[in-house]
Amino acid sequence: MRRVRIFRETWPLRKAGLAPGEDEREVDLVVMEIEEDGILACGEAAPNRRFGESCASVMAQIGVILPDIEKGLARERLQQILPPGAARAVIDCALWDLAARKKNMTLVEYLECERGEYPLAKTLLPDTPSIMAEQAARYWQAGRRALCVQLDERLISERMVAIREAVPDATLLVDARESWRAEGLAARCQLLADLHVALLIQPLGAFDDAALECFVHPLPICADASCHSRGSLKALEGRYEAIDISLGKCGGLTEALALAYAARERELRIKVSTGPCTSRCAAASLPLAPWADYLDIDGPGWLEVDVEPPLLFPSGLVRV
């Protein structure tokens, strides 16, 4: 029998990780520890309020199948009994961690991942054009060559022009976070293309993206909220050229790897991301790095403190 603990952790956010007007100063995570044969493994995920999740709902989902986990539930069976989301991600990542630790390996070693160094995107939060430009310049000077710029519906041209002037050679991704409308989208896409933006992420709401059907646009558009798992891919055809993969959204590393493979078969670009998280979740995302065109797994960088030992990203590179 396994010994299983499920609990909630609250981690303080850096002030630099807060957009103007945001009141939240911390992030809640659900954590699972599994002990088997004297080996302790761990998984974590952040409930996503965008998809109706909370710590209570995630822990309740896990609680329903807790006896199965204690009796040795396998990852394959887990995919069948829980839907994509944070609850399945917590369990799935803990089971992967357990399998690797039983072999005295890291997860990267256990999965025999392709080794290498991969550039890590740094998130730039919405603010005034001048502050965003100054922050972009600081990130560039610190070695960050890719920036994921979060935007809302305001000051789009002013912000983007200021950022591009500050970092003329940076790879820029723009995350509109479902905040735009179909009206005016063509002009905004052209603006971003003129500024050599590499990728536009989820400009329209997940339930409003039918407007992207046969929509002619000069830069690739990436599905985030519109893409949860392999079951989402068919609906994305003719609308998106890329997908965002995160462990919490798709339900863990098992589905994330399968989704990455299926996306490559469809010639879709891949962005791998985490929200605020500890190094446990960032490390669980590392096997996806060789699949990624864009890597945005600096979740621990949002936190004031991190687990020990932390996962470090020297010079803005992820080393696998």
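Q: Where in the chain is Pro-220 found, and why is Pro-220 called buried?
A: In this predicted model, Pro-220 is found in the loop that runs between strand S8 (199-201) and strand S9 (221-223). Its relative accessible area is 15%, and buried means under 20%, so Pro-220 counts as buried.

Q: What makes Ala-198 a contact of Pro-220, and which other residues are in contact with Pro-220 once its neighbours within four places in sequence are left aside?
A: Contact means heavy atoms within 4.5 Å, and with those neighbours left aside Pro-220 is in contact with Ala-198, Leu-199, Leu-200, Glu-241 and Arg-269. Pro-220 and Ala-198 are 22 residues apart along the chain, and their C-alpha atoms are separated by 7.2 Å.

Q: How do you know that the span of helix H11 agrees with its number of residues?
A: Helix H11 (residues 253-265) has 13 residues, which at 1.5 Å a residue should span 18 Å, and the end C-alpha atoms are 18 Å apart, so the two values agree. Within H11, the buried residues are Leu-253, Glu-255, Ala-256, Leu-259, Ala-260, Ala-262 and Ala-263.

Q: Why is Glu-267 called exposed, and what is its phi?
A: The relative accessibility of Glu-267 is 73%, and exposed means over 50%, so Glu-267 counts as exposed. Glu-267 lies in the loop between H11 and strand S11 (269-273), and has a positive phi of about 60 degrees although it is not a glycine. Most residues other than glycine have a negative phi.

Q: What kind of peptide bond joins Glu-308 and Pro-309, and where is Pro-309 placed?
A: The bond joining Glu-308 and Pro-309 is cis, with omega about -10 degrees, whereas most peptide bonds are trans. Pro-309 has its place in the loop between strand S12 (294-296) and strand S13 (317-319).

Q: How many helices and strands does the protein chain have, and how do you know whether the chain is as compact as a globular protein of that length?
A: The secondary structure comes to twelve helices and 13 strands. The radius of gyration is 19 Å, close to the 20 Å that the globule rule gives for 320 residues, so the chain is as compact as a globular protein of that length.

Methods:
Residues numbered from 1 in each chain as written. Predicted model: local features only at pLDDT ≥ 70, side-chain atom pairs only at ≥ 80, totals over all residues. Heavy atoms only, no water. Helix = DSSP H or I, 4+ residues; strand = E, 2+ residues; numbered from the N terminus. Rg over C-alpha atoms; globule rule 2.2 N^0.38 Å. Buried < 20%, exposed > 50% of the residue type's maximum accessible area, 1.4 Å probe, protein only. Expected span 1.5 Å × (residues − 1).
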